[in-house]
Amino acid sequence: MSALTTLADRMQPRRRTAKQPALLPLPRTIAKIAYMTLISAFLLAPIVVVLAASLTERAYLTFPPHGVSLKWYRDAFAQQDFVDSLKFSVWTAAVVATLAALIAYLLALALGSTSILGHRRALTRLVTWLRVGTLSARTIRLTAIMPMMLPVIVLAVALLQFFARIGIVSSPLSIIFGQLVMCLPFAVLMAEIGLGHVDPSTCLAAESLGASKLRVLRTIVVPASSSGLAVAWAFSFVVAFGDSTVALLLQGPGQITAPIDIFNVLYFNPFAPTVAAMAGLLAVITFACLTVGIAVLERGGRRA
Amino acid sequence: MRLHPVARIALGLPALAALAVLFVAPMVNILLQSLHVNTIAGTSSAWTVHNYSEGISGFYRSSMLRSIWISLVVTLIAILIGFPFAHTYAKAKGPGRFVLTLILFLPLLTTSIVTSYGWLIVLGRSGMVNTALQHIGIISKPINFLYSPLGDIIALEEWILPFAILPITGSLAGISPDIYKAAHSLGSGSIRTFLSMTVPLSRAGIIGGAVAAYALSMSSYTTPRLVSGGAVQVLPIAIYNQFVNVLNLPLGSALSILLLVVVLVPVALLGRRSMLAGRA
Amino acid sequence: MAPPAVEIDTVAMDYVAGTRILHDISLSVEHGERVCLLGPSGSGKTTLLQLVAGFLQPTSGTIRIAGVDQTHVRPNRRNIGVVFQALALFPHMSVAANVEYGLKARRVDKDTRRKMVHEALEMVGLADFASRLPRHLSGGQQQRVAFARAIAFRPEALLLDEPFSSLDTSLRKSIRAELARLQEEVQVPTVLVTHDQQEALSFGHKLAVISHGRLEQFGTPEELYEAPKTRFTAEFLGAANLVPGTVTRTAGDLADIALPGGVATGVTIPETQAPPRAGDPVDILVRPEHLRLAPKGTGTGGCILPGTITRSTYLGESVEAEVRLGETHIVAKLPGTQPAAAGTQVDVILPDRGLRLFPVEAPPMPSTGATASLDAATENGLDSEVGV
């Protein structure tokens with residue numbers, strides 16, 4: 001037994017004599033599921049509670065609900081103010097979403113075309129221009145994404161001041177424009193994800209097969225990125241529909257969105273089940289748009 | 001797609017016009033407005049930083065500090081409880097993933113008026129939590145969740161948690177599983193692997209999530225307004241009051257610019273890299 | 001005589017003004033011919049292909065298709081089929097719609113279109129897959145769809161941009177053979193870009209070796225392999241031994257070279273090179289399979305040099321022996337022998353014919369005179385171009 005063997009012994013990884021401290025697979029999985037359930041419950045709690053409360057039979061809000069009934073929804077729809085605000089919300093959000101998705105899609109198209117390559121003459125002749133072009137593309141992109149990081153309350157008061165100055169007051173346009181700025185960053189991101197599914201080499205292939213730029217756009221780029229366009233619309237709709245801050249500050253007579261209507265009612269009677277029904281309805285609409293949007297997004301991502 | 005420069009500019013024009021008119025111009029407008037003072041005769045034409053010195057002292061300073069500490073608490077909790085969630089979510093597949101995506105996006109996109117209303121029901125003096133706790137006998141008197149920072153923090157946390165989870169998930173999903181296998185094969189245990197591999201490699205996501213959580217909770221107006229009923233004066237509520245109730249527009253503008261600075265400085269310092277890293 | 005199908009006439013290309021990525025390249029593709037552009041990555045071969053397709057435009061020079069100047073014609077107005085490296089099949093269109101695309105863009109009427117699509121798919125054996133989406137096909141099938149799409153509209157030329165690189169080795173070989181067969185059937189002049197010398201040798205009727213944006217040599221595979229004009233071509237195509245020596249005498253395009261331990265006579269001087277003078281250092285090209293080894297003292301014929309085996313490896317059909325020859329190591333490929341022990345002294349027998357010399361590129365000492373500094377200058381010039 002020389003010093004060498006002792007050294008070799010020492011080089012061996014130390015064997016663990018004690019029991020492994022790690023949890024067994026099963027308890028570990030159970031702990032994980034429990035944790036995910038707990039956090040999910042926390043995330044969903046207020047929405048679930050609102051929905052449950054809206055279904056109660058009693059005239060005052062109780063939880064858990066006593067008996068199930070849709071009568072508060074009937075009550076909510078009997079209130080002309082609420083129905084008007086809901087209609088207003090839906091049509092303004094649809095206009096905002098359409099504008100945002102279109103504008104964002106066009107912007108993403110312009111930005112994407114630079115990132116792949118400039119105009120073919122640019123490569124040989126206008127390289128300096130091209131460099132400036134790429135630089136400004138990044139700046140434009142940052143500017144388009146900026147409103148997302150901007151406090152909504154600041155955006156809302158800035159627009160309130162600005163619209164007062166240029167004379168757009170008490171018009172649905174002010175809410176539409178305000179929510180448009182809010183939605184644009186989301187729409188640009190979604191449109192870019194959609195355009196990311198377009199393989200640039202398919203555009204070259206189409207050109208080599210004889211297609212003009214317009215035909216390439218129509219037959220290759222738009223179909224391959226249509227999921228992005230749809231998702232940009234759905235997200236913009238949900239963001240505009242759910243907005244409360246811009247709508248609160250830019251509201252005018254007859255221009256009250258559903259969330260603001262609820263906000264106002266909450267002042268007078270916060271614990272009336274009718275309010276719960278109104279809020280529950282908004283949650284259901286959001287949920288429906290969201291489910292469709294995410295399903296389209298996941299499918300688009302799988303296909304690419 | 002290669003497009004003619006003119007075509008490219010034409011495509012970008014609507015967005016540029018919208019951003020210039022509806023974003024840049026209004027921001028410049030309140031910036032200019034913040035540099036004047038209100039007098040009895042209306043807004044004076046002299047340039048001054050008076051509004052800013054008022055905005056960082058006394059009442060408004062305490063509003064800002066309150067906003068900051070509430071946001072920091074919300075951010076810290078969001079990262080701590082969001083990380084394990086993101087860890088599982090990043091590995092989820094199929095219907096499980098779909099359900100978790102829904103669970104994350106629903107509170108994020110449901111109007112804060114609905115969720116705040118839900119928290120009013122849950123956290124009220126005779127709400128679910130107080131009733132339950134009293135029933136079990138843990139407390140004898142109801143806890144004042146509402147009209148206190150505690151209620152604000154709980155309600156904000158629910159809305160903001162997904163904003164923290166999503167970026168962390170993104171960076172965790174980008175780590176190759178082989179890296180964990182390599183670490184294990186080199187003799188690293190679970191905890192060491194987590195600290196030496198998982199956390200550093202998802203740093204960009206953690207920073208991105210923290211920045212988003214901080215920025216959003218700093219600027220939230222409707223949630224504190226409804227949950228604490230204005231009893232907890234945070235900066236967005238002070239701004240709203242200047243514009244709608246007090247009508248001191250220059251001071252409101254200055255407070256807006258101050259809020260903007262307090263939000264955007266950390267975003268610029270920390271967030272830029274993690275925001276742009278994935279897209280550059 | 002009919003003009004060549006594709007003619008690239010002194011085409012040069014600057015990436016940025018002053019940064020040349022292609023230097024006055026001229027080559028032509030005859031009707032029915034397959035030409036391979038071969039070079040390492042970054043050599044400019046794909047740029048050249050893009051110039052022919054019309055995705056890029058040259059700084060100077062002319063590209064003629066069937067004798068017509070098309071240098072400034074847009075890609076969709078040229079009649080050229082392209083198969084892309086990643087195939088670029090349209091993922092949202094069926095196989096038939098993919099193949100039909102070029103015909104639709106050319107406003108071919110519906111009945112003719114249907115017939116031509118069917119013909120093209122029939123030819124590649126995918127008529128039964130017409131309504132499938134590309135992602136439901138195997139890699140080899142997708143390859144054939146891309147080919148069918150590129151030839152369905154009867155292009156005047158077919159360009160293939162490393163189309164086999166995504167396939168595994170065994171599939172690559174069979175698809176390559178099939179593509180060659182199909183090309184012979186339709187007789188479309190074809191240009192293939194590749195960095196794989198085996199692919200180039202087996203597919204091309206002619207090869208164009210490109211390095212640092214320059215055409216090194218253009219000719220048949222045999223010409224390029226047996227009689228490379230430049231050191232680059234010699235080393236890039238197949239395995240090459242370069243044995244250093246000194247010129248002792250020149251006569252016409254032949255020279256005698258003193259090598260470590262012997263003299264090689266009648267070594268060919270490639271015509272593109274300035275004739276060396278006696279005393280100039282040169283390298284001699286010998287292919288490993290042209291070398292023979294014999295036990296020390298028993299070698300006959302040709303030029304015999306004394307060497308020592310340093311390593312030999314059994315490769316099945318042959319043995320690869322590494323031999324130390326003076327200061328250099330060379331490799332010999334010896335069919336039907338057994339490995340020999342390292343240290344064995346041997347006679348290395350150079351063949352009498354087919355030896356070629358190349359001037360020594362960069363002398364180890366930069367202070368050997370004017371030629372050296374000129375060489376260094378050229379080298380630096382090349383570096384700055386590559387560095388872009």
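Modeller: Glu184(C) counts as partly exposed because its relative accessibility is 43%, where buried means under 20% relative accessible area, exposed over 50% and partly exposed in between (1.4 Å probe, protein chains only). This is a predicted model, in which local features need pLDDT of at least 70 and side-chain atom pairs count only at pLDDT 80 or more, while totals for chains, interfaces and linings use all residues. Side-chain values use heavy atoms, with hydrogens and water left out.

Biologist: What makes the contact of Glu184(C) and Arg34(C) a salt bridge?

Modeller: The N to O distance between these side chains is 3.0 Å, and a salt bridge is defined as a side-chain nitrogen of Lys or Arg within 4 Å of a carboxyl oxygen of Asp or Glu, so the pair qualifies. Glu184(C) lies in helix α5 (residues 169-186) of chain C and Arg34(C) in strand β3 (residues 34-38) of chain C, 150 residues apart, so that the pair links distant parts of the chain, helices (H or I, at least four residues) and strands (E, at least two) being DSSP runs numbered from the N terminus.

Biologist: Is Arg34(C) buried or exposed, and how do you know?

Modeller: Arg34(C) is called buried because its relative accessible area is 6%, which falls under the 20% limit.

Biologist: How do you know that Asp14(C) forms a salt bridge with Arg20(C)?

Modeller: Their closest N and O atoms are 2.7 Å apart, which is within 4 Å; Asp14(C) counts as buried at 12% relative accessibility, whereas Arg20(C), at 27%, counts as partly exposed.

Note on methods:
Residues are numbered from 1 along each chain as its sequence is written. Chains are lettered from A and ligands numbered from 1 in the order in which they are written.
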